[in-house]
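Hi everyone, thanks for coming. Let me put today's model on the screen, and then I'll walk you through a few places in it.

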Amino acid sequence: MLSPDIKNEISQKIIASRQIAILTGAGISAESGIPTFRGNGGHWKNFRAEELATPDAFRRDPKLVWEWYEMRRSICKKSLPNPGHIAIAELEKQNSSKKFHLFTQNVDGLHRQAGSKKLTELHGNIFTGRCTKCNHIEENLDTPLSTLPPPCPQCSSPMRPHILWFGETYDPKMLENSIEFLRNSDLILIIGTSGQVTVPVYLAQEAIQAGAFSVEINPEESTLTSSVDISLRGKSGEILPQII
Ligand code: OAD
């Protein structure tokens, strides 16, 4: 349980804020049963995410990469938003008169399922595919797929997951808009991320350096812990409903 003083301080900051930013990582979905990338259960057949989520891995062995995504897609399909996702969607509703935006590194779609609307999926969505030849985007690609890699419905070339992989660049317009929003935020909640990926960390630091009040929620320390105003040690599904 959080102390009444901490709850009160965070509630006051939420009430006083004009622009709220939230950054989430895999930890917010852990209580929905989706394994995080780093830490226990973060490996698959002895591969690390960094060895499979790359253009090189896909060139070498597209079927292997798709098998990994099929495993993750089947978990995501079965998973439901947890109280952490729901609290964030509720925070957006409660602050509908303010500027609010949620930036997630997650590709599982659970924030949207929980009702979040002002949302940027920085790394894409696991249920979307993209043709490697004609760039056709296929949304709501169901799982299981009968052929791996799945053929593009437009040109029959192999499709890949429409996800940002290691070594690929973020959409510049999306990045520009995100930076602009974070620089102008006066409150940022950083939830369930280890802070190992450069761009999301940079985005959070933009808000912190511009003077945003910053709160982290994570059972463990992250690379952002030393930069934030308050770091709450615990599970987001338990802490968020207490402060929202
Ligand atoms: P990580 O797996 O690196 O970190 C997950 C974080 O969640 C850790 O700091 C955990 O302590 C924390 N955590 C675990 N359970 C939690 C809970 N119940 N509540 C709150 N926090 C909890 O995941 P990310 O930081 O999201 O990129 O990783 C960033 C990116 O690296 C991912 O988007 C992915 C990955 O490779 C791509 O796929 C491009």
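Let's begin with a charge and a ring: the charged end of Lys 13 sits over the ring of Phe 213, 4.6 Å from its centre. Arg 72 does likewise over the face of Trp 68, at 4.5 Å from the ring centre. "Over" here requires NZ of Lys or CZ of Arg within 6 Å of the ring centre and within 35 degrees of the ring normal.

A word on the source: this is a predicted model, where local features need pLDDT of at least 70 and side-chain atom pairs pLDDT 80 or more, while totals for chains, interfaces and linings use all residues. Numbering runs from 1 along each chain as its sequence is written, and side-chain values use heavy atoms, leaving out hydrogens and water.

Back to Trp 68: together with Phe 58, Tyr 69 and Trp 165 it forms one aromatic cluster. Rings of Phe, Tyr and Trp (its six-membered ring) pair if their centres lie within 6.5 Å; planes under 30 degrees apart are stacked, over 60 edge-to-face, and the rest tilted.

Now, which residues of H7 meet H8? They are Leu 175, Ser 178, Ile 179, Leu 182 and Arg 183, with contact meaning heavy atoms within 4.5 Å. Across from them in H8 are Val 199, Tyr 202, Leu 203, Glu 206 and Ala 207.

Finally, the whole chain: its secondary structure comes to nine helices and nine strands, taken as DSSP runs (H or I, at least four residues; E, at least two) numbered from the N terminus. Its C-alpha atoms fill a box of roughly 55 × 35 × 30 Å along the principal axes.
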